[in-house]
Amino acid sequence: MADIDVRIEEFDVVIVGAGGAGLAAAIETGGSKLKTAVVSEVYPTRSHTVSAQGGINAALANMDEDYWIWHMYDTVKGGDYIGDQDAMEFFTKNAPKTIIELEHWGMPFSRIENGKAYQRAFGGQTRNFGESLAHRAVACSDRSGHAMLHTLFERTLHQDIAPYVSYYSEYYALELLMDKEERRPIGIVAWDMVNGGIHIFFSYAVIFATGGNTRNFRTNTNAHVNTGIGWTMCLKAGIAIKDPEFIQFHPTGIYGVGNLITEGVRGEGGYLLNAKGERFMKTYAPHVLDLASRDVVSRGMAMEVLEGRGVGPKKDHCLLKLDHLGHDFIMDKLPGIWELAYKFVGVDCTKDPIPVQPTAHYHMGGIPTNVDAEVVDWDGEKEVPIPGLYAAGECACASVHGGNRLGCNSLLDLVVTGKQAGRNCARWIIEEKPVFPNPPEEFIADKYAKGIIDRIKGYYEGGEGTVSMDAIWEDLRDTMQENVSVFRIEEKIAAQVKKLDEYEKQFKEVGLTDKGLTFNTELAEIFDLESLLYVSRVETEAALARKESRGAHSRDDYPERDDENWMKHTFTKIDENGKVEIEYVPVRTKPLTAPTFQPKKRVY
Amino acid sequence: MALKEGDKVVFKIFRYDPEKDKAPYYKDYEVTITRTGMMVLDGLNQIKWEQDHTLTYRRSCREGVCGSDGMNINGVNTVSCMSHIEDYNANVLTIKPLPGFPIIKDLVCDFEDFFNKYYVVKPYLIEKDPPPGRERLQSPEDRAKLDGLYECILCGCCSSSCPSYWADPDYLGPSAMLNAARFVFDTRDQGSDERLDAVNSIHGVWRCHTILNCISACPKELNPTKAIAGLQKEILKRKY
């Protein structure tokens, strides 16, 4: 084949990912007049933020009295006390002004009679430290993610920002370039999907905003692009992934297909039923019923199925009833839900209940960051920021969600941490004036992208492979779903570790059929699968090691939370031989100004 | 036509690899129905993953909100992830890239011109007065004026279905103008004058001949023709 084209770009900042977090960061760096490249596998409005439905939590108090400290308490409790309380305080305290800024940028929130933004109830959100339900989720009908992503993208088109932000859409990021001596990033390597070819971006700073990665589960709410490339780039560069065992299973994915039905349905008064027509959440969360936090509701559903009260011929799911809310209300506040249920399972939810099942949805863990959104190393005693490296949104872990995220805290997370990453990155470049990592004129490709170029050439010049990529992928989805699911147990997780060894071996035998350079989606899928193998590896090994039940990590063999031994974060790394190394890092329990919320038994 | 598990449907797919093919051609693939409610995207995935890895198309959210997979199925533009195979009532589905857009490979089109036209209408809120300390107030009635406008997913189905868009390379097209209307009719926006100037031309709102293809093509059931008519009225109101 012809040689692979290599191009060099220089920017002040490279942002990997153009979802909500990446765009929020770009608004800050672009707004500070820093030359910013936003590198994304898809055009910005195609990013998965677009699928979020319910809303964004903020103690705006538009519906009833509310304070950020109540929101913080709910977030700490919802995270089962393993969240970092400094980050949680920053997060909840900054929520109201973040929402107001989004409104000023044009986000079309639903409104109440007095003209203020509408707020709905959501799981785990309470007033006065658990006393009663709060209406805290600011919503834009049930299209809050779409409205937010478009608003953030629109803002980057504004004349004050647009000249500084360059979009590299349909570029697949593959490698984080680090200066090993100084341990700082100097840029990234990406694959130009449209034309084929390598782009090396050099920059002062890199911001990761690559979103989620649950495409390794059979039923998941994620988009095809959610394959965890940010985690993989970091793992390959020797950076840890924090708390990967905490994977959220959303209670209400559409049965069989996994598409998300917002918790807002339950916030507005919908509820779950088992095969006997019982409102079973009264057993598991007698006070707030269906509005308990997601881990609690998903476990309740899984218990009903295990005990034989599941719905359908296979008795393997539950029903979500909302017809009692009325046709007009549903069409006004939940029109997108109506469309999804009708299209995907043929249910008219103004008349009949929607079949639902717990569905892999979100990662509480991620690239470890501090309250300033700087990526950190653990030196054995303290967290040490890596200068110039930032992460935000779902791919990062500050940790504002602890062991279980509350609904409507993710859209907030991506915009608060995205802005934080962008702002601190800009401040660092402008105030600290770091040296630009000037690459030597010659042999750049050989020095910086040789590994990747050789690998891609290997695919183009090699055969079509003896193992089908899809066979691995199909099996991976089934075994992750079976072995690292809502309930986990030692034997099964250990079996999954062995399975992953097999998949990694098989993956080496995968080849490329499509030898064209132009828009080669088969090549992209090979990178996707490789990334999901990295993601599955750290998830599984961290789940095997954590011998307690906390938040979304629920072990049949260790059913209780164990604060004495396990109130600590997992930091997983993968060494050169593919072996996982785990370190444990203390939880940052001291908030910035508020008193520490001490661990209590979690009852809803 | 009710399809059951095991039934076969033929996908006749437009293929073109610029590195290999002198001209585009159609290739038939047999898709097996594996469950009720299969979407066209599920069929494309089945082909790509089980039969022909070289088949090329865009997709992401697989639930009709990201706008990646606009294409032409049996003569109508739509997103493949929300189109049931059985709704076409046919043994053969002919699948083509969006008409009128340059083709990159197979079903993947070049959206550059489409997005450039979107940027022309200044698709962002323009404020001249400094905003208040809290959110701006907007009545539910005023907010309701944005329904049917803000939900656009930029999939290109409408513009690509429009004969005027095919005929006039400079025509902004229904998508860009629907997005202009989304801000013109937002009571919070103060940029209507410049935005209306951008669409008040022979390549803007006056190029629309109310052919109405855009309405039937929109997978989100929006009405770009109505949005364009709204902009025309706004322009006339300001003039007279």
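User: Into which domains is chain A divided?

Analyst: Domain bounds come from an automatic or database domain assignment. Here, chain A is divided into domain 1 (6-246 + 364-432), domain 2 (252-358) and domain 3 (445-580). This is a predicted model, in which local features need pLDDT of at least 70 and side-chain atom pairs count only at pLDDT 80 or more, while totals for chains, interfaces and linings use all residues. Residues are numbered from 1 along each chain as its sequence is written, and chains are lettered from A and ligands numbered from 1 in the order in which they are written.

User: How many residues of domain 2 of chain A are in contact with domain 3 of chain A?

Analyst: Two residues are in contact if their C-beta atoms, placed from the backbone, lie within 7 Å. By that criterion, five residues of domain 2 of chain A touch five residues of domain 3 of chain A. On the domain 2 side, helix H9 (residues 294-306) of chain A gives the most, with four residues; helices are DSSP runs of H or I, at least four residues, numbered from the N terminus.

User: How many residues does each chain give to the contact between chains A and B?

Analyst: The size of an interface is often given as the accessible area lost when the parts come together. Counted in residues, the contact takes 44 from chain A and 42 from chain B. H5(A) gives the most to the chain A side, with five residues.

User: Which residues have the most contacts inside the largest nonpolar core?

Analyst: In soluble globular proteins, nonpolar side chains tend to be buried together. A nonpolar core is a set of buried Ala, Val, Leu, Ile, Met, Phe, Trp, Tyr and Cys residues joined through C-beta atoms within 7 Å, buried meaning that 20 or more other C-beta atoms lie within 10 Å of a residue's own. The largest such core has 251 residues, and A:Val39, A:Ile207 and B:Met177 have the most contacts inside it. H17(A) supplies the largest share of this core, 11 residues.

Definitions and conventions. Helix = DSSP H or I, 4+ residues; strand = E, 2+ residues; numbered from the N terminus. Buried ≥ 20, exposed ≤ 12 C-beta atoms within 10 Å, placed from the backbone.
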